[in-house]
Amino acid sequence: TSRAKIFEPSTLIPLLERGDLALVEAEGDQIKQTINFAVIEAPPERVYDMVMAVEQYPDFIRTIAETKILRQRDQQIMYRWKLQVPLITLKGVRMQRGRRPHVIEVRGAKGNFRQSRERWEFFPIDNGKKTLTAFYRTLDVETGGLVIETLSKLEPAFAQALSMASSFVHL
């Protein structure tokens, strides 16, 4: 859920001058969600359009091998994705909806990571020339496939590391 009601996102700007920022929210030993904050050198409308252009993901996200739009209506998209990294191929279907230019929500629907949830929030800064991006993720590693399941059982911190690393890669 959004944290914009708890604190003013622009208060993070001094910290973000040193680089991207991650907030990890946990319940006991389990990550509840990760939130990554970054400044992007483009206005929120442009960032929103790029994140909504799922058919272009393979062009700029190296791990995404393919995407195919299955259904699109207004600012709602259902698409199939395939991720490939050494030794691991994952795929599934995701639902994505947006409210231009400030919010995009994504839900896993089928396949790997089918219970994952993401939320993008875009805040204009520097008179609208830049965007402070908050990227929330709850990664469902239990449906991540045999390799991820095995590694998570061997090392409980693996799921947390994967959630954090994949958030930074996606952002």
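Where does Lys129 lie? Lys129 is found in the loop between β7 and β8, where helices (H or I, at least four residues) and strands (E, at least two) are DSSP runs numbered from the N terminus. The model is predicted: local features need pLDDT of at least 70 and side-chain atom pairs count only at pLDDT 80 or more, while totals for chains, interfaces and linings use all residues. Residues are numbered from 1 along each chain as its sequence is written, and side-chain values use heavy atoms, with hydrogens and water left out.

- Lys129 counts as exposed because its relative accessibility is 55%; the term exposed denotes over 50% relative accessible area, buried under 20%, and partly exposed in between (1.4 Å probe, protein chains only).
- Leaving aside its neighbours within four places in sequence, Lys129 is in contact (heavy atoms within 4.5 Å) with Glu41, Ala42 and Pro43.
- Lys129 and Pro43 are separated by 86 residues in sequence, yet their C-alpha atoms are 4.8 Å apart in space.
- Asp126 is found in the loop between β7 and β8, and has a positive phi of about 50 degrees although it is not a glycine.
- With a relative accessible area of 41%, Asp126 is partly exposed.

**Strand β8 and its partners**

- Eight of the nine residues of β8 are buried, so this strand is largely enclosed by the rest of the structure.
- Nine bridges join β7 to β8, and these strands run antiparallel; two strands pair if DSSP finds at least two bridges between them.
- β7 and β8 form a hairpin with four residues between them.
- Strand β2 (residues 30-40) also pairs with β8 in the antiparallel sense, over seven bridges.
- Phe37 has Ala134 as its bridge partner in β8, whereas Trp120 has Phe135.

**Aromatic pairs**

- A search of the whole structure finds five aromatic pairs, counted for rings of Phe, Tyr and Trp (its six-membered ring) whose centres lie within 6.5 Å; planes under 30 degrees apart count as stacked, over 60 as edge-to-face and the rest as tilted.
- The rings of Trp81 and Phe113 are stacked because their centres are 6.4 Å apart and their planes are at 10 degrees.
- Trp81 lies in strand β4 (residues 76-85) and Phe113 in the loop between β6 (103-111) and β7 (117-125), so the pair ties together parts that are 32 residues apart in sequence.
- Both Trp81 and Phe113 are buried.
- Trp120 and Phe135 form a tilted aromatic pair, with 4.2 Å centre to centre and 45 degrees between the planes.
- This pair links distant parts of the chain, with Trp120 in strand β7 and Phe135 in strand β8 (residues 130-138), 15 residues apart.
- Trp120 counts as buried at 4% relative accessibility, and Phe135 is buried with a relative accessible area of 0%.
- Tyr57, Phe60 and Tyr79 form one aromatic cluster.

**Salt bridges**

- Side chains of opposite charge can pair when their charged atoms come close.
- The count comes to seven salt bridges, each being a side-chain nitrogen of Lys or Arg within 4 Å of a carboxyl oxygen of Asp or Glu.
- Asp49 forms a salt bridge with Arg100, the closest N and O atoms being 2.8 Å apart.
- This pair links distant parts of the chain: Asp49 belongs to helix α2 (residues 44-52) and Arg100 to the loop between β5 and β6, 51 residues apart.
- Glu105 and Arg119 form a salt bridge in which the closest N and O atoms are 2.7 Å apart.
- Glu105 lies in strand β6 and Arg119 in strand β7, so this pair ties together parts that are 14 residues apart in sequence.
- Glu118 and Arg137 meet through their side chains in a salt bridge (2.5 Å, N to O), and both residues are buried.
- Salt bridges that share partners join Arg97, Glu105, Arg119 and Glu121 into one network.

**Other local features**

- The peptide bond from Arg100 to Pro101 is cis, with omega near 0 degrees, and Pro101 lies in the loop between β5 (88-99) and β6.
- Asp74, which is not a glycine, has a positive phi of about 50 degrees; Asp74 is found in the loop between β3 (64-73) and β4.
- Asp74 counts as exposed at 69% relative accessibility.
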